[in-house]
Amino acid sequence: MTSNQPIEPRGAVLAVCRHPVDGTWLLVRRANPPDAGLWGFPGGRIDPGEDLFIAASRELMEETGVTARGEGVITAFDSIHRDENGALLFHYVIVAVKCVVVGPVTMPVAGDDALEAEWLDLPAIEALGVRASAGVAALARLAAPGA
């Protein structure tokens with residue numbers, strides 16, 4: 001992208017997936033900016049023409065090796081990043097998608113742009129503090145049954 005081209009919002013997804021037996025959440029530690037080194041839900045860009053539920057399932061598989069099906073939208077929010085002078089670097093509209101494991105539950109294996117992948121309970125997610133992307137624990141609480 002050249003500097004004279006306007007930056008337009010892009011669609012992205014987060015795959016919010018719970019273990020069907022113990023209720024833990026599947027998180028990854030990201031390898032790439034903007035949240036490199038931080039824990040968060042698997043996710044990434046929606047490809048042109050791709051359904052957002054398919055995108056969430058694909059991102060989850062690429063980053064963790066776990067097969068799941070996108071079943072519903074939990075929430076959506078903006079991720080807007082600017083440089084030190086206030087110039088827009090990028091803008092994503094992120095849709096958090098509830099994903100349900102399909103078939104046998106497998107141990108996650110970090111892949112694609114994930115450094116690590118683990119099933120974590122809510123206290124462990126909350127204990128991550130600054131080692132997690134903003135809003136991860138709040139999103140897990142929002143997606144929990146009865147929320």
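Q: Which residues are linked with R58 in a network of salt bridges?
A: This is a predicted model, so let's go by its atoms. R58 forms a salt bridge with D47, with the closest N and O atoms 3.7 Å apart, and another with E62, where that distance is 3.3 Å. The network that links R58 is made up with D47, E50, E59 and E62.

Q: How many residues apart in sequence are the parts that R58 and D47 tie together?
A: R58 sits in helix α1, residues 52–64, while D47 is in the loop between β4 and α1. Their salt bridge therefore ties together parts whose separation in sequence is eleven residues.

Q: Is R30 buried or exposed?
A: R30 is found in strand β2, residues 25–30. Its relative accessible area is 14%, and the cut-off for buried is under 20%. So R30 counts as buried.

Q: Within what arc do the buried residues of α3 fall?
A: In helix α3, residues 136–143, the buried ones are V136, A137, L139 and A140. Seen down the helix axis, they line one face, because they fall within an arc of 160 degrees.

Q: Which residue meets R141 in a salt bridge?
A: R141 is in helix α3, and its partner is in helix α2, 15 residues apart. The N to O distance is 2.8 Å, and the partner is E126.

Conventions: Residues numbered from 1 in each chain as written. Predicted model: local features only at pLDDT ≥ 70, side-chain atom pairs only at ≥ 80, totals over all residues. Heavy atoms only, no water. Helix = DSSP H or I, 4+ residues; strand = E, 2+ residues; numbered from the N terminus. Buried < 20%, exposed > 50% of the residue type's maximum accessible area, 1.4 Å probe, protein only. Arc of directions from axis to C-beta. Salt bridge = Lys/Arg side-chain N within 4 Å of Asp/Glu carboxyl O.
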